[in-house]
Each structure stands twice: as structure tokens, then as C-alpha cells.
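Please look at the chain below from one end to the other before reading on.

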Amino acid sequence: MSKQSRRFQVPDALANLYDFANTLDVRHFTHHGVPHRQDDELTSADDLAAWMAQRKLARPAAKITPAMFEAALGLRASLRDYLQHDPAERRSRCATRALNAAIASFPLRAELGDEAGVALRPTRDDALAGLSAVAAELYDGARDGSLDRLKMCAAEECRRVFFDRSKPATRRWCMSNLCGNRIKTRAYRERQRGRK
Ligand SMILES: [Zn+2]
């Protein structure tokens, strides 16, 4: 878990998934006159190693090869594509094909004896093994339904992944008072313009 996942009250059981999807920040809106700067926390294999070590998913200075780095970026891209779908559409093969192909590189095995009785552990035993936690969180989240609350903000200039804590689980924007308002104001202006 991280400061971000804590701040936005993301369940610990989905924190790696949430943080990993948000390592790519494509927000490009202007808030209070300040343009948001886009960012990517994973621009190199070393970045990935540091990110994983910070979350105790790898030993410090673990050697991530270029092929491992590519596999990680492939996982992130397909994960973000998947989360972009409305939860109701996520059961289709079209929504899951790329993600299923990406998580095939992160196989898991069941291990008894965890405090929950059983846990999914990585089958890989290399420097990338820890990233299998993302695949395990996908599995657990899909099983208990919490994955449906992990969504991507509907605002094109935001695309932040957020956890929807609303009771009906119908939120579309990461922050209604920011992204939601911006979209509504724009739609209103466009309607007004259309009337002239
Ligand atoms: Zn947003």
C-alpha cells in the first residue's frame, strides 16, 4: 500500500493493483490555472525495480532485464485498457483478451497456511516474481466483487484509476467536484453554443 492508496481509501487487498495502474499519469487538465504535469513512474527497468522494492515486492537493486520490463509495461497497458471498460462490460472476451494474455506471464500457485488460510503466490522466482501480486489481487478482487469498484475516470483528460466507494457503485469520475464538474460545465457550454 502507498500514501495514495491510503489517502483515497483503496482497500489494502487492491493497493498494488491500484498503484501499478496509476504509475502512468496521463492527466492533462488545468486546475486553478495550474496545468497538471503528466508523468510515468516507470520509464526504465531501474524505475520498476525501485517501485517494486518500495512496496516490498522485490529486494532492493533486484536485476530487472529489458524483457521483464517489457512484460511489466504490457501488463500495465492491458490492465489500464481493462479498467477503462464499464464493470458491466468487463465479462466480455473483448475486454479480457489482452489482460489474460499479459497475466499469463505471472502464473500463481495456491499456498496453504496464510492468515487467510490460503494465498496465491508467484510461480516465477526471478526479480519480476513480486509483480505477480497484481495478478493475485485481480483474482481476489474479481472473486469478492471489489474489482468492479476499481474504475478509470471517465474524463478523457484525466484517466486516473480510482476506487468507487459510493453505495450504488455508479461513480464515473475520480473526483466529482473536479473531473465531473469540468465535464458537466463543458457539456453545458456546448449546449448553449448549439442554441445560438
Ligand atoms: Zn478524474
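The buried residues of helix α6 are covered by several elements, including α2 (15-21), α4 (66-84), α5 (93-103), β5 (108-112) and β6 (118-122). Those buried residues are Ser132, Ala133, Val134, Ala135, Glu137 and Leu138, where buried means that 20 or more other C-beta atoms, placed from the backbone, lie within 10 Å of a residue's own, while exposed means 12 or fewer and partly exposed anything in between. This is a predicted model, in which local features need pLDDT of at least 70 and side-chain atom pairs count only at pLDDT 80 or more, whereas totals for chains, interfaces and linings use all residues. Residues are numbered from 1 along each chain as its sequence is written.

Helix α6 covers residues 132-144 and reaches 19 Å from its first C-alpha to its last, close to the 18 Å expected, the expected span being 1.5 Å times one less than the number of residues. Just after α6, glycine 145 takes a positive phi of about 85 degrees.

Helix α4 has 19 residues, and its end C-alpha atoms are 27 Å apart, which agrees with the span it should have at 1.5 Å a residue. Its buried residues are Met68, Ala72, Leu75, Arg76, Leu79, Tyr82 and Leu83. Seen down the axis of α4, these buried residues fall within an arc of 130 degrees, so they line one face of the helix; the arc is that of the directions from the helix axis to the C-beta atoms. An α-helix has 3.6 residues a turn, so residues three or four places apart point the same way. On the other side of α4, Pro66, Ala67 and Glu70 are exposed.

Which residues have the most contacts inside the largest nonpolar core? They are Leu17, Leu131, Val134 and Cys153, in a core of 41 residues, a nonpolar core being a set of buried Ala, Val, Leu, Ile, Met, Phe, Trp, Tyr and Cys residues joined through C-beta atoms within 7 Å. Helix α4 gives the most to this core, with six residues. Leaving aside its neighbours within four places in sequence, leucine 131 is in contact with Met52, Leu57, Ala72 and Phe106, contact meaning that the C-beta atoms of two residues, placed from the backbone, lie within 7 Å.

How values were computed: Helices (H or I, at least four residues) and strands (E, at least two) are DSSP runs, numbered from the N terminus.
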